[in-house]
Amino acid sequence: MFAFWPNTMRAHAQNLFLSAFLALSAAFAIAAPTASAQFTVKLLSVNGAAYNVMSLRPLNKKECDSHVKLSFLIENLPGSNVNPAYIELWVGPSGTDCNVATRNTNTNGMQCMSVASKQIAKTDKTISSFEVTTAGLCGDSTNRFEGTRTLYFLGVNSLDSNEVATVFSTYGLLIDQQPPAAPTGVSGGVGDTEIPINWSSTSSDVNHFELVWDPNASSAATYDAGMSSMSTIDASSSSSDAAVSGEDGGTVTQPNGCSSKVLMAGDEVAADPKSLPTELLGKTIEGKVVSTKVSGSELGSKLVAVGVVAVDLAGNASPVSNITCISVVPTTGFWGAYKDSGGTVQPGCTCSLPGQPRNNPLTMAAVWPIALALLGLVARTRRRRS
Amino acid sequence: MMRTMPPSWLLVLGTFVALAALPELAHAQLDDDLIPATKSFVSPERFIVVFRGGPYTPNTGSDKTFKTFYGGDSGPLLDLELNAIALRVPKVLYVNVGGSVGMASYSGRALGPSGTVVSEKTTFTINPLVAMGSLRIDALPRLLKVPFIFTGKAGWEWAHWSTGTGTRTDATGWSVGPFYAGELALDLDTFEPAAARSMDEEWGINHTFIALEIYHFAPTSKSLPIGATAWLVGLGFNF
């Protein structure tokens with residue numbers, strides 16, 4: 001095809017053509033599906049809730065233990081009367097290739113086992129709901145699986161037989177059953193509408209924190225100015241520690257005086273505030289921040305026992321941290337004290353507006369952008385003498 | 001009899017001079033083509049802007065409440081001032097009209113029922129707005145190369161204030177009153193005239209200066225007493 005070109009140009013063109021051909025061939029070889037992977041598998045939902053694969057959220061310990069239902073979508077089956085009779089789901093120990101026919105049978109030391117199956121029609125190209133529970137996928141209580149579990153979806157013509165070699169697919173299921181460590185050093189303040197709560201966490205496996213409190217803490221403590229640094233029960237303390245010596249009949253009296261029957265250090269609580277028992281309240285603190293502020297109205301009581309729980313991406317919740325008490329008291333700021341001391345702003349002057357409390361105060365935040373915009377406009381529109 | 005040069009010698013000399021001059025002539029003509037006609041690089045001068053800040057502690061007179069809650073908190077006050085040049089006597093003075101906006105905030109601990117300090121915070125915010133006229137004398141740096149500029153300012157200030165405790169807004173209002181200021185500026189053009197010329201050519205900035213201002217705000221008796229005598233330091237530009 002390059003015969004009519006000059007020699008030099010023809011040589012270059014031939015080299016270029018050859019290179020392009022080789023590159024395209026290599027790219028096609030990489031991108032093309034393997035001949036034996038005949039269908040695709042997607043995890044659609046976990047326990048009925050849509051699963052967002054982009055979040056890469058692993059299954060958590062609770063989901064593993066409660067054998068929740070996983071629903072997979074299977075697409076691109078061969079169809080057209082060449083389908084196998086069943087799709088089976090096989091799993092094996094970590095590193096075991098359950099795709100090899102000799103390991104798919106129960107005669108091979110049970111290295112792999114079938115955990116679910118579904119009969120399909122010869123013409124099926126899609127299975128909208130291949131359901132399986134987490135039983136058998138997460139290990140057991142003595143040997144919990146952590147990491148990526150490879151699920152082998154195999155096409156077979158009779159149950160537990162060797163797979164039809166060209167009809168299979170795999171799916172990597174993320175499993176994280178290890179909860180993060182409990183936060184420590186939780187301390188709370190005293191106030192009314194904005195009460196600070198601080199804690200610390202050394203665990204890197206944290207997605208967010210959850211604030212948990214008992215609004216019915218009893219034995220109202222007398223607060224003092226030093227309450228923000230109150231000593232508290234350490235979650236890692238043993239029952240013999242002095243900090244928990246007040247435990248009596250399921251009630252722990254905190255060092256600062258309040259006590260709770262339903263919230264104690266080391267307790268396991270739900271990772272979702274909505275799933276807490278009715279006697280507890282909770283609030284999600286997004287991110288890895290280790291401080292927050294709460295209002296008295298939000299806490300719902302004048303005295304609350306507060307703990308913090310760390311939650312990882314999978315949704316595993318740590319044990320409850322140490323418990324601290326927060327007192328909600330009326331506070332006086334500058335304005336209240338100024339008025340109490342006889343200070344006033346006299347009304348009636350046309351050039352001086354009195355300081356009246358308002359729920360929707362005039363914000364001056366807009367003044368700065370306006371000033372800078374005017375300055376920019378001036379600088380832009382001014383003309384330099386040429 | 002006057003001696004005349006031989007014609008051949010004259011011819012050689014003339015040729016040499018002509019040859020020597022030719023490159024210069026050609027070069028001169030080339031430069032003339034490339035270099036634009038001489039012109040003034042002094043851009044119009046219409047505004048003066050100053051970015052500045054400094055400690056600001058309201059003087060509440062005999063009432064010690066502010067000091068009780070915000071003692072030791074000096075703001076700071078951050079401020080932007082923009083003046084339009086109403087009159088310019090070249091190399092002597094300016095008469096300006098303009099204004100400024102600022103911001104200062106203070107934070108302290110609130111008190112509980114028995115007067116003890118609690119962890120909740122009470123805040124106080126001031127946003128001063130000033131309308132002013134000013135007289136600016138820059139004869140020293142322009143005529144004598146002494147880098148000091150003196151400015152006197154007078155105007156009226158509307159200081160919007162807001163105070164709250166926790167998430168609660170306790171009160172807001174305005175304190176108004178006269179405003180006076182004196183500014184001593186260090187003219188940077190005097191030290192780096194070449195850089196000053198370059199900034200004018202590139203950015204249209206005529207002059208650059210560091211300003212130190214002492215000012216006084218005296219709210220009326222009916223206003224919340226948040227006036228003060230304070231100092232601000234900043235960087236300013238004429239453009």
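Which residue stands opposite Thr208(B) in β8(B)? It is Phe237(B).

First, the ground rules. This is a predicted model, where local features need pLDDT of at least 70 and side-chain atom pairs count only at pLDDT 80 or more, while totals for chains, interfaces and linings use all residues. Residues are numbered from 1 along each chain as its sequence is written, and chains are lettered from A, ligands numbered from 1, in the order in which they are written.

Let's start with chain B. Chain B has four helices and eight strands. Helices (H or I, at least four residues) and strands (E, at least two) are DSSP runs, numbered from the N terminus. Along the sequence the pattern reads α-β-α-β-β-β-α-β-β-α-β-β. Of the 239 residues in chain B, 41% are buried. Buried means 20 or more other C-beta atoms within 10 Å of a residue's own; exposed means 12 or fewer; partly exposed is in between; C-beta atoms are placed from the backbone.

Now back to the opening pair. Strand β7(B) and strand β8 (residues 228-238) of chain B pair antiparallel, over eleven bridges. Two strands count as paired if DSSP finds at least two bridges between them. On β7(B), residues 207-217, there is also pairing with β6(B), residues 168-187, again antiparallel, over nine bridges. There Glu183(B) stands opposite Glu213(B). As background, strands of a sheet pair through backbone hydrogen bonds, either parallel or antiparallel.

One more residue in chain B. Leu82(B) sits in strand β2, residues 77-89. Is Leu82(B) buried or partly exposed? Leu82(B) is partly exposed, because it has 18 other C-beta atoms within 10 Å.

On to chain A. Chain A has five helices and 20 strands. Buried residues make up 35% of its 386 residues. Among contacts with a separation of 6 or more, 73% join residues 24 or more positions apart. A contact means C-beta atoms, placed from the backbone, within 7 Å. The corresponding figure for chain B is 62%.

Next, a sheet. Five strands of chain A form an open sheet, in the order β12-β20-β19-β14-β17, with mixed pairing. Its edge strands are β12 (190-191) and β17 (281-285), each pairing on one side only. Inside the order, β14 (residues 208-214) and β19 (residues 303-311) run antiparallel, joined by seven bridges. Leu211(A) has Val308(A) as its bridge partner in β19(A).

The largest one has 70 residues, and Ala305(A), Val306(A) and Val309(A) have the most contacts inside it. β19(A) gives the largest share, eight residues. Beyond four places in sequence, the contacts of Val306(A) include Leu211(A), Trp213(A) and Ile326(A). A second, separate core has 33 residues, among them Val91(A), Cys112(A), Leu137(A) and Tyr152(A).

Last stop, Tyr86(A). Tyr86(A) lies in strand β4, residues 86-91. Tyr86(A) is buried, because 20 other C-beta atoms lie within 10 Å. Outside four places in sequence, its contacts include Ser117(A), Ile120(A), Val156(A) and Leu159(A). Glu163(A) is 77 residues away along the chain, with a C-alpha separation of 9.5 Å.

Methods. Two residues are in contact if their C-beta atoms, placed from the backbone, lie within 7 Å. A nonpolar core is a set of buried Ala, Val, Leu, Ile, Met, Phe, Trp, Tyr and Cys residues joined through C-beta atoms within 7 Å.
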